[in-house]
Amino acid sequence: MIKDMSGNKKAGDHPVADAAWPARRRDGMGRAGVLLIACLFTLPFMALLFGGRAGALAVWQNAAKLTAMGGGLLNVSRQSAAGADELFGGLLSPGSDRRACLSRYQSPHYYKHSPYAPSRHLLRKLRDYEARHSRCGPGTPPYARSVDHLRSGSSSSTEDAECNYVVWIPYNGLGNRMLSLLSTFLYALLTDRVLLVHSTDDFTGLFCEPFPGTWVLPPDFPVADMSWLGVGSNQSYGNLLDGKKIANDPAKATARSVPPYVYLHLAHDLRRSDRLFYCNDDQLVLAKVNWLLVQNDFYFVPALYDMAEFEAELRRLFPAKESVAHLLGRYLFHPSNSVWGMITRYYHTYMAQAEERIGVQIRMFSWATIPVDDMYSQIMACSRQEHILPDVVDGDAAASSSSHDHGGSKPKAILIASLQADYYDRIKSTYYEHAAKGGDMVGVFQPSHEERQIMGQRTHNQKALAEIYLLSFSDVLLTTGASTFGYMSSSLAGLRPTMLMIPEDGKVPEPPCVRAVSMEPCFHMTPDVECRGKAVNKEELSRHVKECEDVGKGIKWIKGIKLFD
């Protein structure tokens, strides 16, 4: 279970940026605007000269001060999607309070890629869900009645049939949580349930409310200590089945015969009886339960496609199967104003002037480690193979390049997201010691390095969320296979990333990376269960697993392993 580690001392952040390009004057800016931009792009060097190893949070705060000094002049920087559709093609409903959630309407201006428009069926489904959430959410009579039945321990009544609920319980790292929450929301759409979030302290304040009303479960909810529910809980579906307290036979199950709530343990350590959740008959039984509580730490959408109960509806909702996480991620997740401020201040200070933004996300897993030198070699070999980072020149060619007029050069920003500083330091040094081919100006930036993942700490999650979104504004993405952090970034970006292969037996893999065949995240744990009635569509699932294995982010390396993002 998650433990609060907020008392642990964190490693100090390192200078965020050590290379930048001169700003170009834009028509109508005047001297003040040019002076401000010049000051802005001197900030990274000042951090080095005067600040030593300044913290990332301090840099975000300094950027905020510069923004205020400029009276909004930072907004003259080129935004990648000027005139973008603020509602993502109808994905978002209009009428929300802009001040309450700035990211909801501003984020479309930062994305370059929206490869899939939402289907009409998805738009209708989302509007229907919003109406149901308004009708059944906390503070409404149906919600109060359902909670009263739950508190009394009685099964649901005919009055409750109008409103059924699924409560999502956060678990593991932020990338795991976002993918799990997205999957649970899709499950709520498919089963006509209302999604509510058990908001722990380290999750509170990360996101805006995505629906009318609130998605936060009130603190007086009758089921106590939900964060401590686990595979051994008496009310887990697997244990209820094993104890003959519920039957997975749809012909025998009624709203009166099932418990008032069932806990679904779908996390990495689920047992065979828990996996029956992925069976069609079991879904028909669970449909009669008023309250479902879900704890999960990975993306389980691919398994929903393989169930007869949902397959046809999913194909109508998402004609392009790889669009699920992309569209639902942009619908569901809107960083809170405090996190959005961190994102936009950093973006405008370091990245907005670039004509090309390259995101590099590096994660070293404890179960697949190699030396830092080897990992750096893998990154650079991948870059050469896939032409990701700008090429450099040596010797006389470098001297010649450095003396050229940079009027025709292309400013490029490389954003490094990693728990460690080593890779940033080495890549930064590469472009400090060598000129880029063509005279391009290259800036290398890293918002933070925490050295290790810190569970249960809100500030850690805020930084992680900010970096997920900064990566998602990239033109090109290089991510780490099997990393949920990388999955979420590429899904929001609408990009098929290049993915670093996972090391095996302590050796650099060959090839070092491959281009993903889909921007959909992988399902890290196959159902692998025999079902009553129609079985799981193993052909569909096998195709998904094969795709994941081919890009080095799949099942064969991580089966049975506890994953963090």
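Predicted model: local features only at pLDDT ≥ 70, side-chain atom pairs only at ≥ 80, totals over all residues.
Residues are numbered from 1 along each chain as its sequence is written, and side-chain values use heavy atoms, with hydrogens and water left out.

There are 4 disulfides in the structure, a disulfide being a pair of cysteine sulfur atoms within 2.5 Å.

C136 sits in helix α5, residues 120-136, and C163 in the loop between α6 (141-152) and β1 (164-169), 27 residues apart. Helices (H or I, at least four residues) and strands (E, at least two) are DSSP runs, numbered from the N terminus. Both C136 and C163 are buried, meaning under 20% relative accessible area with a 1.4 Å probe, protein chains only.

Next, C279 is joined to C531, S to S 1.9 Å. The link is left-handed, with -70 degrees about the S-S bond. C279 is in the loop between β3 (261-265) and α9 (280-286), and C531 in the loop between β12 (513-515) and α19 (538-550), so the pair ties together parts 252 residues apart in sequence. C279 and C531 are both buried.

Then C382 and C513, S to S 2.1 Å. Here the link is right-handed, at 100 degrees. C382 is in helix α14 (residues 372-386) and C513 in strand β12, 131 residues apart. C382 is buried at 0% relative accessible area, and C513 is buried at 0%.

Note on methods: Buried < 20%, exposed > 50% of the residue type's maximum accessible area, 1.4 Å probe, protein only.
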